[in-house]
Amino acid sequence: MKNNIAIKVDDLTVAYNYKPVLWDIDLEIPEGVLMAIVGPNGAGKSTLIKSILGILNPIAGSVSIYGKSYEKQRALVAYVPQKGSVDWDFPTTALDVVMMGTYGSLGWIKRPGQKEKKLALEALEKVGMLPFKNRQISQLSGGQQQRIFLARALVQDASIYFMDEPFQGVDATTEIAIINILKELRKANKTVIVVHHDLQTVPEYFDWVTFLNVKKIATGPVKDIFNDDNLTKTYGINYKVSIQE
Amino acid sequence: MDITEYIKLVFTDYTLRTITLGTAILGAVTGMLGSFAVLRKQSLLGDAISHAALPGIAIAFLITGAKDSNILLLGALVSGLIGTFWIRGIISKTHLKSDTALGLILSLFFGFGMLLLTFIQKQPNANQAGLDKYLFGQAATLVESDVWLMSIVTGACLLVLLLFWKEFKILLFDADYTKTLGFNTKFIDILITTFIVLAIVLGLQTVGVVLMSAMLLAPAAAARQWTNSLGIMVFLAATFGAFSGVFGTAISASQNNLSTGPVIVIVAGVFVLISFIFSPSRGLLFKQIRFIKNRRDLQLHKTLSFMYHIAETHENISHPHAIKILNNFQGFTKGTLQKLVRKNYVKLEGSMWSLTTEGFKTASNLYNQQTENNE
Ligand SMILES: Nc1ncnc2c1ncn2[C@@H]1O[C@H](COP(=O)(O)OP(=O)(O)OP(=O)(O)O)[C@@H](O)[C@H]1O
Ligand SMILES: [Mg+2]
């Protein structure tokens, strides 16, 4: 199952100003893994995802999704941005935001209809947010907003999911709910890439991991490479995690 | 002229009707587009565009030597667009903050425009007088063709809004995500910005460079207070804008021809003020009322739950207790006790109180809720 390469990144270098924030990144992510990207603040995790998704233009390197460029494979990819990247006081409802996940397949001008609404409601149900469907988004808690973003990506019904810190600021119950959804996606042979900060839970949640700090430190199966050595290389300080296994 | 006379005149007097119609349409289109500027947190954009338009007017005059308002506005449009795209360029190329870029372009273009205006004023040309009307606007100079032009732009704007509604909405909310879905965000952005520039340029003759941005912001800011739906917000902003135009014109015409532009802006400001105070969900007044009511309820609930704890210890929940024992409790007042009686939660007999069944039920619900919330 893990022979197909879902995402391939070659020599990716990205800079906002002059100094590259990502330096010569090579990655091969097999299909069907649940992968964590770990690294300190400012390591370039969000930047890496944004470059793969074509939001940022890299100064060098290339990205391919199942062997083709991202532009050609858009429909296969869904994105959950960092929650703080939007203004939650925007005048709209939870359902409306989730419905935005269908805009890509609708294309220009065409409006969402009953079919799209049904998809959105199903996604809301999956993340346990159906009772809040008509809630103004500013009146949702942080964890609920995170679920809305997740539902919006689920609506896209993609093969590859990129999630930027989906566990940021959510309580234990929500975290379990979200991880269960992610595991279900993996079961359906989807590839899920998650920026993750809680190192303690990496072995429990993920089967693949990438260590990143401007450069790629390591990438591979959690059981092989999630060790103190790589953590120390990534975080710069002597790191000791007790891997509960 | 008083206001009733004015109303009669609007329907009979050609000039007044033209001006009223013009300001109403202008208010509607700027209000509509202003919603987008406000939601993108680009409040300064309108100010920058209108100031950037000034040198265009001056240059158009210098080239043609004529005061034909359409040619001057074309000049304004060109320099407004140049200013706008320079702003975008500065933001994306230099990593200056957007307000820095806006401020920079605003003052640069405005300064240059003023320089040209003073230069023109020194020219021995009888035509020059009146160019300064673009600074503060002069609604009285509106003619039918101006109103036609405004209507056409408004119609086109409406059409584009309807067509690209979904694209505008998603771009405003989450631009990066929009890009990942395959939409050309630059195109959407340029489309909306171009219409904002157009609307502003159209308003220069009426409201003027200095006050134009208020036409963009005030109706939208007011509208945001009343709704949580983008569609309704845009509609309300257009309505507030149109009414600002109509009322402003009426007031200025009936009060000895006060300058129309500033009056329109003040009326729009009144809309904002009223909205900030009286909007049910976001307004200051209702917030205050809710706050006071919550505090009162809390007081009541505190007393009730205290009584509940006492009553709980007895088998008969309606067993009477002395009011005196409530004195140990700080939050209790005669007023709250009276209110509890009125709500039929508590019965008073002489110096004794007892909970009613209803009171007991309410209190126990309260208590459960509280413990739930604490978990
Ligand atoms: N828009 C931007 N302009 C300039 N520099 C930026 C921009 N966004 C990020 N950077 C810089 O790029 C580097 C990587 O940022 P990035 O957001 O990718 O980090 P991250 O790993 O996602 O961090 P975090 O854990 O805090 O989310 C940081 O040094 C940051 O300061
Ligand atoms: Mg990040």
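**Exercise 1.** Determine which residues of β7(A) point one way and which the other, and whether they are buried or exposed.

*Solution.* Thr191(A), Ile193(A) and Val195(A) point one way from the strand, while Val192(A) and Val194(A) point the other way. Every one of these residues is buried, where buried means under 20% relative accessible area (1.4 Å probe, protein chains only). The strand, residues 191-195 of chain A, is thus mostly covered, with five of its five residues buried. Strands are DSSP runs of E with at least two residues, and helices are runs of H or I with at least four, both numbered from the N terminus.

The model is predicted: local features need pLDDT of at least 70 and side-chain atom pairs pLDDT 80 or more, whereas totals for chains, interfaces and linings use all residues. Residues are numbered from 1 along each chain as written, chains are lettered from A and ligands numbered from 1 in written order, and side-chain values use heavy atoms, without hydrogens and water.

**Exercise 2.** Find the strands that bridges join to β7(A).

*Solution.* Strands pair if DSSP finds at least two bridges between them.
- β3 (residues 34-38) runs parallel to β7(A), with four bridges; Met35(A) has Ile193(A) as its bridge partner.
- β6 (residues 160-164) is also parallel to β7(A), with five bridges; Met163(A) stands opposite Val194(A).

**Exercise 3.** Identify the polar contacts (N or O atom pairs within 3.5 Å) of ligand 1 with Ala43(A), Lys45(A) and Gln82(A).

*Solution.* A backbone N or O atom of Ala43(A) lies 3.2 Å from a ligand oxygen. For a polar side-chain atom of Lys45(A) the distance to a ligand oxygen is 2.8 Å, and for a side-chain N or O atom of Gln82(A) it is 3.3 Å.

Conventions. A polar contact is a pair of N or O atoms within 3.5 Å; within protein, one must be able to donate a hydrogen and the other to accept it, and residues adjacent in sequence count only if both atoms are side-chain atoms. Buried means under 20% relative accessible area, exposed over 50%, partly exposed in between (1.4 Å probe, protein chains only).
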